[in-house]
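Please read the following explanation alongside the structure.

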Amino acid sequence: MFENFPLWPARASTMAGNVDALFVFLLLLSAFMCAAIFSMILIFALKYRHRANVEAEQIEGSTMLELTWSIIPGGIFLFIFAWGAFIFFQERTPPQGASTVYVVAKQWMWKLQHEEGHSEINELHVPVGKDVKLVMTSQDVIHSFYVPAFRIKQDVLPGRYTIAWFHATRPGTYHLFCAEYCGTMHSGMIGNIVVMEAANYENWLAGGRASGSLASAGQDIFQQLGCVTCHRTDTQGRGPNLVGVFGHQVQLEDGRNVLADENYIRESILDPPAKVVSGFKPIMPVFQGLVSEEQLNALVAYVKSLSAAPAGVAATPSMVPAGSKQ
Amino acid sequence: MSDSPAVLDHHNPELRHHFADMGQQKNAASLGMWLFLGTEVMFFGGMFLAYLIYRRWYYPEFVVASNSLNLPIGAANTAILICSSLSVALAIRAAQTNKRVQTVVMLVLTLVFGLAFLGVKAKEWHDKFVEHHVPGTSFHFEGSMPGHPEAKINPAHAQVFFSMYFAMTGMHALHMIIGVGIFLWLIYQAWKGRFNSEYYTPLENSGLYWHFVDIIWIYLFPLFYLIDRHK
Amino acid sequence: MSSVAITPERPNYLNQEYGVRSWLLTTDHKRIGLLYLMSITFFFFIGGFFALLIRLELLTPAGDLVLADTYNKLFTMHGQVMVFFFLVPSIPAVLGNFLVPIMIGAKDLAFPRINLLSWYVYMVAGLIMLHCILIGGADTGWTFYTPFSTAFSHASVIEAGVSIFIAGFSSILTGLNIVVTVHRMRAPGMTWSRLPLFVWSQYATSIIMLLGTPVLAITLLLVVFERAFNLGIFDPNRGGDPLLFQHLFWFYSHPAVYIMILPAMGVVSEVVACFTRKRIFGYSAMATAVIGIAVLGFLVWAHHMFVAGISLYSALVFSLLSYFVAVPSAVKVFNWTATMYKGSIKFTTPMLYAFGFIGLFTMGGLTGLFLACLGVDVHVTDTYFVIAHFHYIMVGGAVMGYLGGLHYWWPKISGRMYPESWGRLAALIVFLGFNLTFFPQFVLGYLGMPRRYWQYPQEFQVLNILSTAGATILAVGYVLPMIYFVWSMRYGKIADGNPWHAAGLEWMTPSPPPTFNFDETPVVTWEAYNYEEIPAPEEVRIER
């Protein structure tokens, strides 16, 4: 609307329209309810204002009315719940094949790593019309990744990954806010999401100092830290072969089956005894405190790259915290 | 009607002016104490919840840490507390049967048991301090995964066990200390002959409090000391 | 007509004994209610002062009035003081203490000395909070989220935590007293179904206080321990879980909001009944609703955590349950509206506050539907939309209920009438100022302005200016009653026992009441709100 006085946020993602539609429905419903109640009150206030010699009529109540105005609103509420739940399910389910951006939040900045290897600070360039999945963690306190124009928000926690995704629909520059209070410069922890036309995005990618993709950086770390000595690609390794693991089910020693998603990989590095693969011993050293968040992201990206596109497994994000036994 | 309880009540020096009779006063006091104990359940409940969650997540470390606690001392403390609940029940019985001296003796016995418990607990905590099992910068704990001697447990998870241990036994001990204070006051009042078959409400309600503190310990003992001990 | 000289008075609770000791060592529930009135009014203005500073800073997009750290402390202390030292005690400890015994025909609460203890506990907590403020305060937000509060904040977190922990005990003791009183001290004939709805709402509130507050107590204590003794219960680097804190915190803090609103709903029921001169429509439904809200309120806490990292399925469950708790709240609004039908309505100050409550609570409650809705909440949580929502309920609802109640029972409490024109004027100023302050914040929230922001992008400025303008108007509306209530104690028209010709036992005893409330214990043979038996101020009656 007005340049300096907007009344509605821009719509720049596929979810924005859905969220707005539900919001507008709620606005209309609320406006209707307010109008109905306030006008009844107004009418009663005027019609039944105190006049000398006119008494109030004592009315006990009406069970029928009570039931009616409990059940009908209840039904409307259930409808709102269902609609909202449907949208929420979409918001929480990144599509398969989305490209991944790794986000590390810290007081008071956003660090973003593209799969192709580009790093950005407080700014994220993305192509229009593509699914982008965010794999996020914090180095210190809880933050929250919020892009009003996309209608997405997800808290970013220390110690585990949380996931968000979007599909940008309009080129432009949009606010990125931290939405969970995190200390002194919480309000300064803002940035931009720069959505570009495909060609411009390619140019941008090419122009950056490409020091290799994130996965290749991860491969370097995999060698430096000695992971390769146990996690061999033959059957002789003391650790499981990691080729083809990501995105599939893994059978654990205690009989459970878990999905090998980003949090599983992360936990396996930081707290190996938590989930031991069936047929192997719990001898992997603990890397908690020995790898930075960026290194972890690179390792995760590397392990991901060892899988073909996961067959038949929806990339449902697991919100499993590090160290939990689920 | 002249000997009705209501009339007798008005002569009872313990009747507070806003109550109609002793029965109403006693009922109110009892209900108040039960409600208060309900709040205590909620209070400890938060910690029990945290314990349960972390135990489920870090079971092997909880096993190893639990086995490092001193079982005989913990068991002895449990026995001491159970005896103290018996002695306070006997104190109430003595008051109900107008035996002033016996009331005092039983209350003193309860107090002694309570102090014994606290003394034993102090020793236990001291031992933990010496072994560097107190959470914080000087925490140090090593152990292996049960059944896998070559695999080390994660000491951070063991630290969570000890954090919960100190938080919960500490909060329990604080309640015991408050209980000791209450019983000192009760002993003084009983000695002065305040309690008899007509009026023993403070004894009864304090007894309820004491039983509650005992029950908390009866939950704490197996949850902290007895994890996987049967092997 | 106002009297300047005080005519020789019959003994009442105010003049029975004089002197500071008689007040500080009183066990009279009415005096204790007034002690609380002094204290919470003091903290209201402290919290309000912080709010003004916040709104002044937000006049401009840049952070140019105070430092960022100072701003973070301002909103933290505003929240902590307002929630724990004003809203939670307000109606229960002032009006509840004063009125519940009288309304049920008792001489006092069940435990008068514990009542006094609860005020002292509150004062100790309050003094610690004041000290905490003077040395800089906490900067964690009133929500104390870990690991920021346990391992990163450099501010006075422990002191703030200890202060609130102690204040919680005051709350528990008050709740305990009221529950036992309602169960055990009702006068002969005062059955549960004859209780005024104010008593029902106080009872429901007290249940929440008893069950919920201890969980906050232990949660804050664990934060204090973690900070003081370097435990690792909430530290992810040591296997702890920050989300555990959030679950424990909100397990209390969601029911806490019902502690803050249910008493105000009780006030509204009394006021609406009196100034429509009829029984509340649907008494049973209204009583059931307050108990229902209290119970259901314990089942919805994680709707504060939809984007916090909980599982999809948890979110679904809590969203669904949150819609259930909305139903009884809506039912109450419908019943108050229905009460006005064929009533005989007078627009006194308390009634204006009641109208304001109904309107603003309706708006605030409807916006709760937005927040319970998962798809929308993702966008608006942690923004000014939430701030607007809860201020509509807390300020537009609870504070207006409190002010309405103060005005309604002022003659009973003080023996004097407040000046009616000033009362109405203040009510109007509050209503207008409130809406101007908080309605723009809904828009700001949907636009995406996050909460707790010291500085903000330029395009949010106009709405922020509107909001600050409203806040200054609102402040005037709050200061006026302070002035004229004090004025009325000396110059106000002398009130008789029942100046409003209202139903209820409190109006059947003199104003101010004698120390033991009634000269003889009443025996109740009538239903609540028996307005058909109470003559209106004009004697001649013609049936409609």
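**Aromatic pairs and the build of chain A**

C:Phe44 counts as buried because its relative accessibility is 12%; buried means under 20% relative accessible area, exposed over 50%, and partly exposed in between, with a 1.4 Å probe and protein chains only. C:Phe45, at 29% relative accessibility, counts as partly exposed. This is a predicted model, in which local features need pLDDT of at least 70 and side-chain atom pairs count only at pLDDT 80 or more, while totals for chains, interfaces and linings use all residues. Residues are numbered from 1 along each chain as its sequence is written, chains are lettered from A and ligands numbered from 1 in the order in which they are written, and side-chain values use heavy atoms, leaving out hydrogens and water.

Rings of Phe, Tyr and Trp (its six-membered ring) pair if their centres lie within 6.5 Å; planes under 30 degrees apart count as stacked, over 60 as edge-to-face and the rest as tilted. Over all chains, this rule gives 95 aromatic pairs. One of them joins C:Phe44 and C:Phe45, with centres 5.4 Å apart and planes at 75°, so the pair is edge-to-face. C:Tyr418 and C:Phe485 also form an edge-to-face pair, at 6.3 Å centre to centre and 85° between the planes. C:Tyr418 lies in the loop between α14 (384-414) and α15 (420-447) of chain C, and C:Phe485 in helix α16 (residues 461-491), so the pair ties together parts 67 residues apart in sequence. Both C:Tyr418 and C:Phe485 are buried.

Chain A has seven helices and 12 strands; helices (H or I, at least four residues) and strands (E, at least two) are DSSP runs, numbered from the N terminus. Of the 326 residues in chain A, 52% are buried.
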